[in-house]
Every structure is written in C-alpha cells, then in structure tokens.
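Dear colleague,

I am passing the structure below on to you, together with some notes on what came out of going through it. Please read the notes with the coordinates open beside them.

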Amino acid sequence: MTSDGHRAVGQVKEVTSLANPLVKDIKALALKKFRDQQHAFMAEGLKLVIDALDLGWKIHTLVFAKAGRGNPAVEKVAARTVAAGGTVLEVSEKVLSAITRRDNPQMVVGVFAQQFVALKDIHPRPGDVWVALDRVRDPGNLGTVIRTVDAVGARGVILVGDTTDPFSVETVRATMGSVFAVPVARATPEAFLAWRRGFPGLVAGTHLKGAVDYRSVDFSKGPTLLLMGNEQQGLPDLLAESCDKLLRIPQAGRADSLNLAVATAVMLFEIRRDALKLDPEG
Ligand code: SAM
C-alpha cells in the first residue's frame, strides 16, 4: 500500500446493500433525467478514472469492488478522491454489477461532475479543427466521433440542436476515455449560426449532394469547422447554407451513405493529413 493509500483508509464506506441511498443515486445516473439533475455521470475502469483525475475532472464518488482492496493503484485513486473532497465506496460485486448493469463489471467506477465548454469561450486559432454535429442521435456514433477527434488532435465537438447525451453510459464507453480529453459544447442551431458567423476559417459541411470532392480542398490555411449531418436526415438547409463549401466523399457500391462516425473520421484524417506523422519527432 502507498503512503497515499494509508490516508484513504478509514474514510472508505463499505456498502453491500442495493437499497443504500448513495448506491441508488449512482444507479440513477443511467437515466438522463438524473444525470441532468445531479450534473454528474459515470465512468468505468481504473485507467479512465486516473486519466480523468490527471486532466482535472472533479470526482464526486469513487466506487470500487472488494477485490480492489489492497491494490496500490486503487488505493492511490481512493486517496486522491478523498483529497478532492469526494466519497469512496467499497462495494460487493452484486452492487457494482447493479450500478454498471454488467455481469462482469470493471473493478472501479468514478462519478464525475459534467463539464461543457461555452461556445463563447471557443476562439479558434490557425490549425485548429472543430467538429459540429447536427442532432446526433446515436450514442455509439457520438462516442466514436469524440474518440476520433481526440485521436487526430482536433480541438473539440459542438453539439447542435437536440442531441444524444455525451455523458450517457453508452457514449462514455464508446469514447474509451476521450470524453475527458475532448471539450464538448452544445448550442441551439440559432446560437451555433451566430457563433459560426465569427468563425475565422473554412466552414466545411458534408452532404450527400455536395458538389466538391473532399480531397480537392486545401485545409492548411486557417482553422476548420467541420459540420456533419444527422444520421437519418443529413444537414437541414439552414445549416447547409451556412457552410463555405459542401463536400462529398465519393462512394462506389450500393450503400447510399457512410455511417456518420465513419464519414467524420474520413474527413478528419484528410483535414489533419499534414499534421499527423507516424513519428512526430522525425
Ligand atoms: N439519409 C441521410 C442523408 O440524406 O443525408 C444520410 C446521413 S449520413 C448517415 C450522416 C452524415 O454523414 C451526413 O449527413 C453527412 O454529414 C455524412 N456523410 C455520410 N456519407 C457521406 C458522403 N459520402 N459524403 C459526404 N458526407 C457524408
């Protein structure tokens, strides 16, 4: 056990009952209504929780399975949680399974405060890439886009209109931890359009009727705002008309379109082509 671990001992609450009010509150985070009420969300896995703490996210509660007792890494995270003013719960497998709704849950779950960046605080600089998603519906798509934005070194994601929750369990799982590294903003279409008018670079929409091949565009000058359409309907006219260019990814075969997250990835790797190197030092 680490010296930090010693400090957490004695401040850990042991819980075996599903009726425990703290457990009930955490279980409720599976529902958006309660996530919104508590401005909180759940992240599973020791590595994710450590990354979140390293990136400065505020932890409310750390939950760990009895099997984690004596594990130096778990005890260190417990000590960091206590030092940050959070609560630490040691729970039975049964309780952890109920919280995560999984038969074989991770050993550790963290409950964190939600964090959004305000649109007015986003001031893109040369080289920056932002992705705006119109009414994204599917949690897996949103999580995958957040993970891809992280992987290519884009700046963040703007959720436009009524979208799926970036802090749902499914989305957080699909981000594989990138939810903690990628700033997320949300805006009504009107607020987004007002902000977009001040955008100091190329606003590139993607559209199945786009006239421009995405590979013909020079993304090297200035920041880029990539605008992606809703899974079922694509971009509405108002958003499509706000773009400087409407780009298309050429396709062969019978598929009408690409999956939203796949199309976003194709675009991001093209936009960031010059910035991405196998060996950044080389
Ligand atoms: N039925 C929808 C439509 O008519 O647009 C399909 C939407 S598609 C599943 C989701 C989004 O991915 C699109 O709105 C667009 O932003 C992007 N997308 C998918 N395939 C694309 C392609 N070949 N070229 C450009 N954008 C594409």
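In this predicted model, five strands make up an open sheet of mixed pairing, and their order across the sheet is S1-S4-S3-S5-S2. Its edges are formed by strand S1 (12-15) and strand S2 (40-44), each of which pairs on one side only. Direction ignored, neighbouring strands of this sheet are turned against each other by 20 degrees on average.

Within that sheet, strand S3 (residues 59-65) and strand S5 (residues 108-113) run antiparallel and are joined by five bridges, and Val63 stands opposite Val109 in S5. Helix H4 (residues 46-54) lies across S2, S3 and S5, and the angle at which H4 runs to S5 is about 30 degrees.

A pair of helices deserves a separate paragraph. The axes of helix H2 (residues 21-28) and helix H6 (residues 93-100) come within 8 Å and cross at roughly 30 degrees; since angles under 35 degrees count as roughly parallel, H2 and H6 are therefore roughly parallel to each other. On the H2 side the contact is made by Val23, Ile26 and Lys27, and on the H6 side by Val95, Ala98 and Ile99. Sorted by class, the contact of H2 with H6 has five nonpolar residues, one charged residue and no polar ones.

There is also an open sheet of seven strands, in which the pairing is parallel and the order is S8-S7-S6-S11-S9-S12-S10. Strand S8 (184-187) and strand S10 (212-213) each have a single partner strand, so one side of each is left without a neighbour in the sheet, and these two stand at the edges. Strand S6 (residues 129-134) runs parallel to strand S7 (residues 156-160), with five bridges joining them, and the bridge partner of Trp130 in S7 is Gly156. Helix H7 (residues 139-152) lies across S6 and S7, and H7 runs at about 150 degrees to S7.

As for the ligand, there are 18 residues around it, of which Thr206, Gly229, Gly234, Leu258 and Ala263 come nearest. By class, the shell around the ligand consists of nine polar, seven nonpolar and two charged residues.

The protein averages a pLDDT of 94, and 95% of the residues score at least 70. Over residues 1-7, however, the pLDDT is below 50, although this stretch has 15 contacts in the model beyond near neighbours in sequence. For the model, the scores are ipTM 0.99 and pTM 0.95.

Notes. Residues numbered from 1 in each chain as written. Predicted model: local features only at pLDDT ≥ 70, side-chain atom pairs only at ≥ 80, totals over all residues. pLDDT = per-residue confidence, 0-100. Contact = placed C-beta atoms within 7 Å. Near = placed C-beta within 6 Å. Nonpolar A, V, L, I, M, F, W, Y, C, P; charged D, E, K, R; others polar. Pairing = 2+ DSSP bridges. Helix = DSSP H or I, 4+ residues; strand = E, 2+ residues; numbered from the N terminus. Axes fitted to C-alpha atoms, helices over the stretch in contact; angles between N-to-C directions. Parallel < 35°, antiparallel > 145°, perpendicular 65-115°, else oblique.
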